[in-house]
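These are my notebook entries on a structure with more than one part to look up. I kept them in the order in which I checked things.

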Amino acid sequence: MINFQNVSKIYYNSSNHSALVDVNFKINPREFVSIVGRSGAGKSTLIKLLIGEEKPSKGRVIFGHYDISEMKPKQLPEMRRHIGVVFQDFKLLPTKTAYENVAFALEVAGRPQREIDDLVEEVLDLVDLADKAENFIHELSGGEKQRVAIARAMVNRPDVIVADEPTGNLDPFNSLGIITLLQQINQLGTTVLLATHNKEIVNQLGRRVILLENGRVMRDVAKGKYSLA
Amino acid sequence: MLTAIHRLIKYGIQTFWRQRLLSIATMVVILLALLVFEGLIISGVIANTAINSIQDKIDISIYFKTATSEDEMLRIKSNLEQMTEVKSVEYVSRDEALESFRERHKGDVTISQAVEELEENPLSASLNIKAGDPSKYSIIANYLNNNVSGDLVEKITYNENQVVIDRLASIIKVSRQVGLLAALFLTIVAILVAFNTILLGIYSNRDEISIMRLVGASNIYVRGPFVVMGVIYGLITAVISIALVTPVVWFAAPYVKLFIPAMDLREYFTSHFFLLVLYQLLFGIGIGVISSFIAIRRYLKV
């Protein structure tokens, strides 16, 4: 479903920093994959390549029938509706309410209003925020914001949910809630790709772990634990 | 498509209202630009009327000797009318000249009596010539000097007033050019200031723009609300600007008329009201929409 083929990413600047070097891996439908590594190991770059925010310097990034490495900016929106993304800094729209933030993902996809109302209500219920639907983002706590972000990521019924350090700004209690939510989503049949450096979370999951170090894949284990090589 | 338009308008109005402080700040600047723009239009009209009324006062006359036949004079008149430089030629016969002389000095008994005592009409017939462009009088005067026999002509006024006419002509020409340049400069300044304000407004929304892109919004969905906001800015500021200018014009009109009798500002304002509103709308909405359109471009690359 997701396929990184010999992917390298070099940021051309004064130091010509190589963020990813010859990365190869495949992710199958319904998998729950953690990508771990220190800060600067290349986790975020990998996710940026997957959602087309950056282009690889070498190699191909395939998602379903999309060759993301070849896509033009105009073609990206349609592809992105099949990937739900959750960011460390939430990336919610501050001038919209929780409800509107979630609905936005459906509105831009051109869904009819009645369908949107039903779906948004359903996912807000799922993330336990039905009573905060009309609150603006700045009126929510960090954990609540991240749950809105997850609701937005899943409301389109995407094939895959990508979470980039979703617990990075949260306390252990809220982190646990977010991970549990991602597990539930995975159980419903959605592929989940989780980038994190939170050891406890990875160990507790007991699912596939890809370890990145200095832009290279150092280990790829089916039932892995978090350990730096 | 209809759903999309409906949603874009909804987002636009929503963002406009939820970022009211930014909206007001932007609109104040656009309003100032609009006032400058409208001020330029109105002062342009006033200046034009003033210059025209001065220009209208300039003419040259050719006075004929009393012996010159009327046919001769009418022939010269029609020759003059053939010239492209000439706007109009008016023939004043000796009788008409006497009539207007009497009219002018009706109250003055001595002059009236003196005229009555004369057996013959002492006044000359004349042609009053007006040029479309005041700098062309020298050409007309030249033509008269070269083509009309001195035996027929008593005098040509241009030969006496040449310096004054030429100086006035060049003053008129320079005022028009300076006015045009000043208007152009101020318009550009107004447009740039408004443009930059909208640019900053969108800059402060750059994170939201990239979020929209990351959530899968196509460019239309990202751009649309800002363009709608541009339209709202234009609409509101145009209405406010007209509302501010109308009483000013009403109040100032009598004073303007004092200086330039030919300028009826109220009449101009009422008869051109809808045109002025239209200009304002076009200017306001144009600035709003075009600058949003350009400003967002660079944030759409995500």
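I began with chain B, where the centres of domain 1 and domain 2, taken over C-alpha atoms, are 52 Å apart. The assignment, which is of the automatic or database kind, gives domain 1 of chain B as 2-54 + 171-301 and domain 2 of chain B as 58-161.

Before going on I noted that this is a predicted model, in which local features need pLDDT of at least 70 and side-chain atom pairs count only at pLDDT 80 or more, while totals for chains, interfaces and linings use all residues. Residues are numbered from 1 along each chain as its sequence is written, chains are lettered from A and ligands numbered from 1 in the order in which they are written, and side-chain values use heavy atoms, with hydrogens and water left out.

**Interface**

How many salt bridges (a side-chain nitrogen of Lys or Arg within 4 Å of a carboxyl oxygen of Asp or Glu) cross the interface of chain A and chain B? The rule finds 2 there, and one that I looked up joins Arg18(B) to Glu100(A), with the closest N and O atoms 2.5 Å apart.

**Inside chain A**

I then turned to the strands, which pair if DSSP finds at least two bridges between them. Strand E1 (residues 2-11) of chain A pairs in the antiparallel sense with strand E4 (residues 58-63) over 5 bridges, and Ser8(A) stands opposite Lys58(A) in E4(A). E1(A) also pairs in the antiparallel sense with strand E2 (residues 17-27) of chain A, over 7 bridges, and here Tyr11(A) stands opposite His17(A). The hairpin of E1(A) and E2(A) has 5 residues between the strands, and in it Asn16(A) takes a positive phi near 45 degrees.

Last, I noted a salt bridge between the side chains of Arg208(A) and Glu31(A), at 3.1 Å from N to O.

How values were computed:
Helices (H or I, at least four residues) and strands (E, at least two) are DSSP runs, numbered from the N terminus.
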